[in-house]
Amino acid sequence: IMDTNSGEQLVAQAQALLAHGRLPAKVFSDPALHQLEVERIFGRAWIFLAHETEIPAPGDYVMRHIVDDEFIVVRDDEGGVRVLFNSCRHRGMRVAQAGCGHAKTFRCPYHGWVYRNDGRLQGVPYENRIYGPGEIKKEEMGLLAAPRSESWNGMIFASLSSDGPTLTEFLGNMAFYLEFYTRKSEAGLQVVGEPQRWVVRANWKLGASNFIGDGYHTSTTHFSTVKVGVLPGSADFLIDGVQVDADSGGLGFRRMPPGTGSTRGYGPEVMARFEPAHRAILESGCFPSHGTVFPNLSFLAAAAIVDQGGAPVPYFTLRIWQPVAHDTIEIWSWMLIDKSAPEALKRASYTSYVLSFGSSGLLEQDDTENWTSITRSARGRMAGTQELSYVMGSTSLPLMTDWPGPGKAYSMDYTEAAERSFYQLWLRYLQEAT
Ligand code: FES
Ligand code: FE
């Protein structure tokens, strides 16, 4: 029996501690708290589902989830994107079984009801013999749609709540920063291959919080990757970076020392596509690296050495930490690249991604080893009295006054400012009654 009380108590305890830059270790292992998160966070926030390039043509679909709810994200015959609950209106059977595909209609395998790819119920076997006139109202029996779905620059999100901020309002200042990745070319980003997915015994917040603002871990966790020659340079490449806390999310910038000539993919033609504020950031030598959009969408632009002695090859990944249980996530990881990039670069970039952040990637494996161990430690009795430290920079690192972009910026990526904000937002959702 789940004790919701203990979930509420843990929320209250987390709030009291977070004011002092701490968190109870139990937030990573408590089943009752997890249930509250499922209802109050994943039941309300905008959740990333897919990229529009995964379903380019009418009829293309991919299967996606918000915790236990399965959705067919499909492009209908009119070219619109639909997010349809994958459950037949007759007995609730899943009408589509594949992870992705192409369909004009979805035919339920149980009794054969047929739905069009915009969700409308089209056909019912033996309809005229078995249902009396007006008995079944087909126009009312279409597949349910997610209460809300919206796209932003090719990224498809849905919300299980029919009210709340629009996607643009929700993203707030974070939209400005996501544009660094989505606006690099006229053609836009394209997903390469299918998302890789795998199950990890870790709490979902560990991935989200690591990506939003844990520049600190790279110098230890990823040191071995530098040693074997996959990660170029030194492992503390983020210490001199910039960390930004921006409404629904946050991110870290890597600062390239002046005179290196490195543009990290933002050459003059790319630069010209951006607004003055974006350009000013790039011209100061700051390049967007890692980040998270609350609650569970993270992203990373980085580079790895694929051929020994060769130049680092850039890659970009989107990933979600999809909660399965309090101690388990399914990681979904997409690799994206500018649609107009040469084929050879697309291939090399995919290799670079697989080597680093695919399911077997060196950096991915190092990260998830930490998160599974933390989740395991948080299960026991000792963890009930343990408070974890999130104080870094809280009194010592002032806000930058000359940062050209929106949000709060800090002149080091080794600070826990964005992680503290992430947990403040997490608390706001948990404390708002449904
Ligand atoms: Fe789908 Fe009966 S459950 S047709
Ligand atoms: Fe890492």
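These are my notebook entries on one chain, read from a predicted model.

**Entry 1. Overall size**

I began with the whole chain. I counted 13 helices and 20 strands in it. I then looked up its extent, and the C-alpha trace spans about 80 × 55 × 40 Å along its principal axes. For 434 residues a compact globule would have a radius of gyration near 22 Å, and the chain has 23 Å, which agrees. I noted that 45% of the 434 residues count as buried. For contacts with a separation of 6 or more, I found that 65% are between residues 24 or more positions apart.

**Entry 2. Domains**

I looked up how the chain is divided, and it falls into domain 1 (47–152) and domain 2 (172–431). How far apart are the centres of domain 1 and domain 2? Taken over C-alpha atoms, the separation is 34 Å. I checked the contacts across the two parts: 8 residues of domain 1 touch 10 residues of domain 2, in the sense of being in contact.

I also checked the record. UniProt, in an unreviewed entry, lists residues 47–158 as "domain: Rieske". In the model, that span is 40% strand and 4% helix. The C-alpha atoms at the ends of residues 47–158 lie 5 Å apart.

**Entry 3. The four-stranded sheet**

I traced an open sheet of 4 strands with the order β5-β4-β3-β6 and antiparallel pairing. Its edge strands are β5 (81–85) and β6 (100–102), each of which pairs on one side only. From one strand to the next the twist averages 30°.

I followed one pairing in detail. β4 (residues 69–75) is joined to β5 by 5 bridges, in the antiparallel sense. Within that pairing, I found Arg75 bridged to Val81 of β5.

**Entry 4. Val62**

I picked Val62, which is found in strand β3 (residues 60–66). Is Val62 buried or exposed? Val62 has 23 other C-beta atoms within 10 Å; 20 or more is the cut-off for buried, so Val62 counts as buried. I listed its contacts beyond four places in sequence: Ala50, Glu54, Ile55, Val73 and Cys100. For a distance across the model I took Asp338, which is 276 residues from Val62 in sequence and 21 Å away in space, C-alpha to C-alpha.

**Entry 5. The three-stranded sheet**

I next traced an open sheet of 3 strands, in the order β7-β8-β9, also with antiparallel pairing. β7 (105–107) and β9 (121–123) stand at the edges with a single partner strand each, so one side of each is left without a neighbour in the sheet. The twist here averages 35° from one strand to the next. I counted 2 bridges between β8 (residues 114–116) and β9. Tyr115 has Leu121 of β9 as its bridge partner.

**Entry 6. Strand β15 and its partners**

I moved on to β15 (residues 286–293). How many of the residues of β15 are buried? The count is 8 of 8. I found β15 paired with two strands, starting with β14 (residues 249–255), to which it is joined by 7 bridges in an antiparallel run. In that pairing Gly249 stands opposite Val293.

The other partner I looked up is β16 (residues 297–304), which runs antiparallel to β15 and is joined to it by 4 bridges. Val293 stands opposite Leu297 of β16. Val293 therefore turns up in both pairings, facing Gly249 and Leu297, and I note as background that strands of a sheet pair through backbone hydrogen bonds, either parallel or antiparallel. I recorded β15 and β16 as a hairpin with 3 residues between them.

**Entry 7. Two helices**

I checked helix α6 (residues 204–213) for cover, and 10 of its 10 residues are buried. Among them are Trp204, Lys205, Asn210 and Phe211.

For contrast I looked at Pro268, placed in helix α9 (residues 268–271). Why does Pro268 count as exposed? Pro268 has 7 other C-beta atoms within 10 Å, and a residue with 12 or fewer counts as exposed. I also took the distance from Pro268 to Ala145, 123 residues away along the chain: their C-alpha atoms are separated by 43 Å.

Notes: Residues are numbered from 1 along each chain as its sequence is written. Chains are lettered from A and ligands numbered from 1 in the order in which they are written. This is a predicted model: local features need pLDDT of at least 70, side-chain atom pairs count only at pLDDT 80 or more; totals for chains, interfaces and linings use all residues. UniProt positions are given in the numbering used here, feature names are shortened, and annotations may be inferred rather than shown by experiment. Two strands pair if DSSP finds at least two bridges between them. The radius of gyration is taken over C-alpha atoms; the globule rule is 2.2 Å times the number of residues to the power 0.38. Two residues are in contact if their C-beta atoms, placed from the backbone, lie within 7 Å. Axes are lines fitted to C-alpha atoms, for helices over the stretch in contact, and angles run from 0 to 180 degrees between N-to-C directions. Domain bounds come from an automatic or database domain assignment.
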